2 protein chains.
Amino acid sequence: MKKVVAGVDIGGTNTVFGLVDENGKVLSHGTFKTTDYPKVENFVTTLASEIKKLLAAKKEYELAGIGIGAPDANYHRGTIEHAPNLAWKGIVPLADLIKKKINVPVAVTNDANAAAMGEMIFGGAKKMKDFIVLTLGTGLGSGIVIDGKMVYGHTGFAGELGHMTVVPNGRECGCGRKGCLETYASATGLVKTVIQLMSEMRDESPLRDIPPSKLTSKKIAEAAANNDPVAVRAMNETAAILGFGIINAIVFSSPEAIFLFGGLAQAGDLLFKPVRAYLKKNNYVLMKDTVKILPSEISESNGAVLGSAALIWNDLKN
Amino acid sequence: MKKVVAGVDIGGTNTVFGLVDENGKVLSHGTFKTTDYPKVENFVTTLASEIKKLLAAKKEYELAGIGIGAPDANYHRGTIEHAPNLAWKGIVPLADLIKKKINVPVAVTNDANAAAMGEMIFGGAKKMKDFIVLTLGTGLGSGIVIDGKMVYGHTGFAGELGHMTVVPNGRECGCGRKGCLETYASATGLVKTVIQLMSEMRDESPLRDIPPSKLTSKKIAEAAANNDPVAVRAMNETAAILGFGIINAIVFSSPEAIFLFGGLAQAGDLLFKPVRAYLKKNNYVLMKDTVKILPSEISESNGAVLGSAALIWNDLKN
């Protein structure tokens, strides 16, 4: 028999799942629309039958557990709680519902924690005990590992670095507050900064010919690569505010590395160089030059499935 | 035989030490001037002989270890490193030097981590796994416990919340940067805020009759208790910026409680009430109403010795 773990990533639109072996190989995978299931019970029925289909493909597969990444997930309780981007309202006992269909260990956490677990078990943090993964997408998610263990905190919701306030009375955040890090240091935040700079700067820029609603971090990174002054300045300001937030996290837990993952991190050196320069100049003296800023070694394409599966592989390996 | 632990607190001026039993009772104690020992070797000789004197008082005492709180101490390495407030320059291998004189386990950490350990082993955090202690004195120190373990981080220097930047380009900090939390939310920070407010406000205040160099957080708290408008506003502004910093720590680790210790915390309700009100209004939605703001249950007078001893008692009890 060959032990496999099912990794499941529940997104607002799509649910992606796959079987993952102990080396981090995705053996098979599938996807269906989360939005097709306004009732979570029906979602769970489909998910369970899809996982069973993958298992049936090879006789030697033995399912060791199911790891799930989902928005507003609570690791301690195995629940999804009041997720604004899902149809399932209130507190959803997801782990329990799944266990009734497939009786194996089930672990649930948010996608950023899953990404950090993926980095630790299968990626660039294999030999690290203290590190943080920042997922820079629509928002800014974070997974924090201290002394080899994921930080879940008293509530199970720890690791919300996207909601550190970095600009008092700054940009409006979806959480109802203002100036949260994710309103600046995320793919969406970069777009907002470009829009703001277009109002402040006089320079010509091809970005001015794109409707703001169609602007993306990818287009901005491409413009920055072509030395567009608005895009370059937006990149540098985004990097500086990300660096500012990172230093406030460093004085807390003194990690060995910060891994950047997600859409904005795809900008590569355009982002990493100014972040590293900011840290070199501004980091707190006791932690100066002690923290590496690294790209994630988990690929974007199967990262979510891998990270979710790593939740269970981590338990099996310890 | 009765197991005892020596707790030692090395300050810039005085060194305090004592023998502590497993219930957190300080059985005997002493003190000498740190400044009398420009050479650390001589300091260690005196410390060892003083501890031996305390042990000699009762035949049944058996020394189980020595716990030490000291500025700029590195737990991983057992060192004091580049401490600006001590005469011993460079990297001082304190734990090794002491072990050569008394061969028992020796643990070294900074005073705020020691305070947190004291709170966990002997104080209000006995049943908690996730909490933070903030020491609000000349500076702001912090000891962070996550899942029952002290956070030391990759460098051994983790837990420097006093150096979170809360006001970009704000007050000058001793660390060489600007706007660190401790320049606002500490006994010293409160004094600075009063001085600033005296320049901004027109209200009369008895605090205007005190030379700024003689102002203390105690005098300000007394004035606030008498409804002095400058002192009251300074208290509220200090509480708000402390609350701001606390929320940025909460989104990181989602603790069950924050304990406030030290000179500024002595202001009691004058500080605690507005801090709690700030959190009630501004805390991140997933952590709202999940964090208690509590006074430390360790007394100021023997807290340093108790906390240092707790470093060893924690190891013995696990």
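Two residues are taken to be in contact if their C-beta atoms, placed from the backbone, lie within 7 Å. With that criterion in place, let me turn to the structure, which is a predicted model.

I shall start with the interface. By this criterion, 34 residues of chain B are in contact with 35 residues of chain A. Which elements of chain B give two or more residues to the side that touches chain A? They are β10, residues 140–146, and α6, residues 229–253. The largest share comes from α6(B), which supplies six residues. As for composition, the side of chain B that touches chain A has 17 nonpolar residues, together with eleven polar and six charged ones.

I now move to a sheet in chain B. Strands of a sheet pair through backbone hydrogen bonds, in either a parallel or an antiparallel arrangement. Here five strands of chain B form an open sheet with mixed pairing, and their order is β3-β2-β1-β4-β8. At the edges are β3, residues 26–33, and β8, residues 106–109, each of which pairs on one side only. From one strand to the next, the twist averages 20 degrees.

Strand β2 of chain B, residues 14–20, pairs with β3(B) in the antiparallel sense, over seven bridges. For T15(B), the bridge partner in β3(B) is F32(B).

Which helix lies across β4 and β8 of chain B? That is α2 of chain B, residues 94–101. Helix α2(B) runs at about 155 degrees to β8(B), while the other strand that it lies across, β4(B), spans residues 61–69.

Notes
Residues are numbered from 1 along each chain as its sequence is written. Chains are lettered from A and ligands numbered from 1 in the order in which they are written. This is a predicted model: local features need pLDDT of at least 70, side-chain atom pairs count only at pLDDT 80 or more; totals for chains, interfaces and linings use all residues. Helices (H or I, at least four residues) and strands (E, at least two) are DSSP runs, numbered from the N terminus. Ala, Val, Leu, Ile, Met, Phe, Trp, Tyr, Cys and Pro count as nonpolar, Asp, Glu, Lys and Arg as charged, and the others, Gly among them, as polar. Two strands pair if DSSP finds at least two bridges between them. Axes are lines fitted to C-alpha atoms, for helices over the stretch in contact, and angles run from 0 to 180 degrees between N-to-C directions.
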